[in-house]
Structures are given as C-alpha cells and as structure tokens.
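Please look through the structure below before reading on.

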Amino acid sequence: VAETMTVVGNPYACPINLDSVYKNSDNSSKITNNFWVWDATLGTSGAYRALSGDGSGNYTMTGIGGGSASSYLVINSSQAFFVEKNGSGGDITIEENDKVNTTTPSVMFRPTGIAGSGVSKVDIKLFQATGSTVELQADGVVGRYNDIYSVSPYETFDAGKLNNFNENLSLVRSGRYLSIESRPYPTQKDTLFIAFWGLKNRDYAFTISSSMFSGINQTAKLIDNFTNTQTILDLNDGSVTYPFSVTSNAASSSLSRFLIVMAPSTVLPVTFTKINASLFGSKVQVSWATGSELGVKNYSVERSADGTNFNKIGEVAAINAANGTSYQFADNKPLPANNYYRIRSNDADGKYAYSSIAAVQLNARKGMQVMPTVVTNQRFTLALNDQPLGNYQLKITNAGGQQVYQKLINNPGGNNTQVIEMGNSTMPTGVYNLSVSGSNGGNQNFRLLIQN
C-alpha cells in the first residue's frame with residue numbers, strides 16, 4: 001500500500017473476511033481499520049459503502065438495508081475493495097485463515113444498536129424524494145460518538161469519502177471529506193458539517209436516525225442555512241425525515257447549507273412533549289405526554305373558556321418516569337362552547353411549569369380549524385372535527401412555495417385537537433401556507449402569519 005488509498009482484490013476462489021485481513025499478521029500497522037465496498041443496489045448507479053471499526057469491536061456502515069455491517073465484511077471471489085494507508089503503509093498479507101464459509105456465515109459482531117456496543121451514532125441518509133415521500137436512496141454518512149475518540153481533525157477512526165457517480169453526501173472536517181466521522185461526546189456545542197454535491201434540481205430528503213444515546217444527556221438539531229430553519233432531532237433511538245429542495249438558486253446547493261449541532265442537554269424537572277384534547281360523546285379526554293420527569297409531585301389540569309383565564313378542574317399524581325410517560329384525564333362536564341386546557345406540573349420543591357394549550361369546541365362544525373392563525377410562539381392548535389381517523393400530513397411552505405416544516409400526526413376520530421409545536425424553528429416573519437392532508441380523506445389549506 002503506497003498510495004493513500006488503493007484497491008485490493010480477493011486472490012482466493014472463495015470469500016474472505018476483511019476484519020480477519022486487518023487483524024492478520026502486521027496488516028494493522030499498514031492499513032487503517034476502514035474499508036470501502038461497492039454496492040450496486042444503492043442509488044441510480046450504485047454507491048460505496050464505508051465500513052469502519054469503531055474501537056469497541058464492532059463496525060459502522062453507511063447505506064440503507066443490506067443487513068448488518070458484518071455481512072459486508074465478507075468479500076466474494078474476484079471482488080475488490082478499497083483500503084487506506086496507515087503511516088508509511090507497506091505490503092499487506094491475505095492468508096488461508098482469512099477465508100470464510102458462506103454456506104454457514106458466522107455472525108462475528110453484534111449489529112448496530114445492541115446495548116453494550118458503547119458507541120452512539122447519528123445515521124444520515126440522503127434520498128431522492130417527492131415532497132416528504134422518500135424514494136431512492138442516493139448516499140449516506142454516519143457521525144459516531146464515544147469518549148475513546150478525539151477532537152483531532154485527523155482522528156484515526158474516521159473513514160474517508162469515495163466519490164459516487166451521481167449524488168454524494170459527506171461530513172467535512174478540516175478539509176477532509178468523510179463517510180464516517182468519530183467524535184467524543186460534546187461538553188459544549190459541537191458541529192457536524194454536512195456537505196453534498198452532484199444533486200439535481202429536484203426534491204430530496206434526509207432521514208436522520210439515532211442509536212445508543214439513551215442516558216448520554218445530549219441534544220441535537222439540524223440547521224438549514226438556506227431556509228433559516230432548525231429541526232430538533234430525536235436522540236431516543238428515533239428517526240426524523242427532513243424534506244428539502246435543490247433549485248436554480250445556488251444557495252440551495254451550497255456546501256455549507258446543512259449543519260447538525262450537538263450539545264449537552266439541560267436537565268429540567270419535566271418536559272412536555274404533547275397535549276391533546278378530544279371530544280368523546282359529551283366528555284372531553286385530555287391526554288399529555290412527558291419526555292422526562294424528575295421530582296414532580298403531581299399535575300393539575302386547568303380549563304378556560306377564553307384561553308386566558310384558567311381554573312383547576314382536576315389533579316393527576318406524577319409517576320416520575322425517567323424517560324417520560326403518558327397521562328389522561330376525563331372532563332365529564334365540559335363547557336357548552338369553547339374549552340381550552342393546559343397542564344401545570346407541580347414540583348416537590350414548590351416550582352411549577354405549564355404545558356402548551358389544547359382546545360375543544362362543543363357543537364363544532366364538521367371540518368378543520370386552526371387556532372390562532374397569527375402564530376407568535378412557534379405553536380398553534382389544529383382542530384379535526386368529525387374527520388376520518390388515520391394519519392394526517394402537515395406541511396408549511398413559504399411565499400416562494402418552498403417547504404419549511406412538516407409533521408405527521410394521528411387522528412383518533414371524533415372531535416380532536418392537537419397542539420402543533422414547531423420546536424426551535426426560526427422561520428422569518430411572513431405569510432405561510434399550511435396544508436393538512438388525511439390518508440383516509442380530508443384536505444384543507446390555511447394561511448398563517450408567523451411572527452418571530
């Protein structure tokens with residue numbers, strides 16, 4: 001291995017295992033623990049999968065599907081792969097004991113996400129899309145975190161980027177383009193710089209998935225510098241789909257358009273993740289969920305006729321679940337017209353906090369309603385009155401027709417209201433279009449004035 005990267009072919013008439021090759025003889029002193037394998041099923045013309053040892057006995061792999069990383073460490077007869085020089089490089093050795101039996105392949109490593117691997121990952125996949133509907137995957141990268149990694153721009157556990165023929169996605173650090181970047185857990189704000197090139201003028205989407213962050217006390221948000229929006233990412237083994245478009249505007253394809261900012265989270269006594277109010281017969285069921293709870297004594301359910309003056313109508317004991325939980329309360333005697341609900345958390349030390357506000361209208365007309373249409377606090381209430389049950393897709397577009405926010409909600413039927421939280425998005429003040437589309441029918445558009 002004399003060049004920085006070079007291609008190596010399998011010399012045997014049977015499969016070999018790349019991890020065995022790396023550990024064989026003194027190969028580890030001549031090549032890094034990174035491999036690049038071509039996968040013809042990715043994208044429109046195929047794409048490279050990067051495989052990188054994570055320092056804890058496992059491998060991280062880019063690209064969707066295809067099973068675990070261990071299956072791509074098996075190289076068939078006549079198949080080639082790329083390696084990267086370590087230090088001054090040198091000749092590598094492939095031996096008989098590197099051969100494997102493909103009829104009964106042995107699973108040498110645990111798949112990504114199994115407890116104990118010790119490496120947290122943010123998996124970013126780039127898809128061709130129509131609106132928010134993902135289609136063909138074009139490329140993918142992985143950011144991974146563990147304190148065994150350093151902040152050095154030349155971290156040895158990083159895996160470089162090889163160009164595809166069409167769309168390309170990469171993480172960038174100090175001029176290096178990476179398929180897999182390894183970072184220590186942030187003690188303050190830390191940024192993943194996402195670059196892409198070779199994209200066409202069309203719709204695309206990211207799916208950003210997390211694994212192994214539970215209990216790590218981190219937060220993450222995707223920043224789109226073209227639309228000036230921020231999207232909170234789910235670090236609880238969840239996934240977020242972020243649709244975007246590349247247009248004739250050069251800024252839409254800028255290498256600096258997208259960032260992911262990681263930071264330690266601030267521990268709060270309670271975080272409310274949602275509050276809903278639904279009419280069932282003559283009663284209103286109020287439900288809310290928490291993302292975390294710490295030292296909460298109980299929850300007070302408060303009701304108002306005008307959305308301003310609230311009175312307590314009930315109380316629910318707190319469970320104090322570390323990862324949050326769900327609660328319900330039945331209002332058996334709702335007001336004859338408008339009913340606004342909010343939840344107050346009462347802490348053991350006397351402190352308190354409020355949730356968002358949910359609303360229900362008794363004798364409401366069939367259809368959809370948005371309250372208010374002038375949005376000043378990054379949230380509004382959507383009322384679905386006698387609408388078909390099922391999933392509803394919400395999309396917000398700016399005056400130029402560019403999508404800046406999307407969310408999928410579930411309507412249980414009946415008269416249901418849901419508070420739509422736009423998180424920390426920083427949409428410029430202006431007029432926007434909100435479209436609501438139901439999977440089982442029901443479509444409507446609203447005009448919102450969003451003020452920041």
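Of the 452 residues in the chain, 51% are buried. The model is predicted, and the average pLDDT of the chain is 84. A score of at least 70 is reached by 90% of the residues. One stretch to treat apart is residues 103-117, where pLDDT stays under 50. For this stretch the model has 24 contacts beyond four places in sequence.

The chain contains two helices and 34 strands. Its C-alpha trace spans about 80 × 50 × 40 Å along the principal axes. How much of the contact pattern joins residues at least 24 apart in sequence? Among contacts between residues at least 6 apart, the share is 66%. The chain exposes about 20,100 Å², and carbon and sulfur atoms supply 50% of that area.

Now turn to the aromatic rings. A pair of aromatic rings is described by two values, the distance of the centres and the angle of the planes. The chain has 19 aromatic pairs. One of them joins Phe206 and Phe258, with 4.9 Å from centre to centre and 80° between the planes, an edge-to-face arrangement. This pair links distant parts of the chain: Phe206 belongs to strand β14 (residues 203-211) and Phe258 to strand β18 (residues 258-264), and the two residues are 52 apart. Phe206 and Phe258 are both buried.

Another pair is formed by Phe272 and Tyr299. Their ring centres are 6.0 Å apart and their planes are at 70°, so this pair is edge-to-face. It also links distant parts of the chain, with Phe272 in strand β19 (residues 270-280) and Tyr299 in strand β21 (residues 296-304), 27 residues apart. Are these two residues buried or partly exposed? Phe272 counts as partly exposed because its relative accessibility is 22%. Tyr299 has 0% relative accessibility and therefore counts as buried.

Phe206 and Phe258 also belong to one aromatic cluster, together with Phe196, Tyr204, Tyr242 and Phe244. Tyr204 has a further neighbour: Arg202 lies over the face of its ring, 5.7 Å from the ring centre.

The last stop is strand β24, which covers residues 338-347. This strand is mostly covered, since eight of its 10 residues are buried. Which strands does β24 pair with? One partner is β21, in the antiparallel sense over eight bridges. Within β24, Tyr340 stands opposite Ser304. Strand β26 (residues 358-361) is another partner, joined to β24 by four bridges and also running antiparallel. Here Asn338 stands opposite Gln361 in β26.

A further partner is strand β25 (residues 352-354), which pairs with β24 in the antiparallel sense over three bridges. Across this pairing, Ser345 stands opposite Ala353 in β25. β24 and β25 form a hairpin, with four residues between them. In the turn, Gly350 has a positive phi of about 95°. In a regular strand the side chains alternate between the two faces of the sheet. Keep this in mind when following the strands in the view.

Note on methods:
Residues are numbered from 1 along each chain as its sequence is written. Side-chain values use heavy atoms; hydrogens and water are left out. pLDDT is the predictor's confidence in each residue, from 0 to 100. Contact means heavy atoms within 4.5 Å. Rings of Phe, Tyr and Trp (its six-membered ring) pair if their centres lie within 6.5 Å; planes under 30 degrees apart count as stacked, over 60 as edge-to-face and the rest as tilted. Buried means under 20% relative accessible area, exposed over 50%, partly exposed in between (1.4 Å probe, protein chains only). A charge sits over a ring if NZ of Lys or CZ of Arg is within 6 Å of the ring centre and within 35 degrees of the ring normal. Two strands pair if DSSP finds at least two bridges between them. Accessible areas come from the Shrake-Rupley method with a 1.4 Å probe; for residues, only the protein chains shown count as cover.
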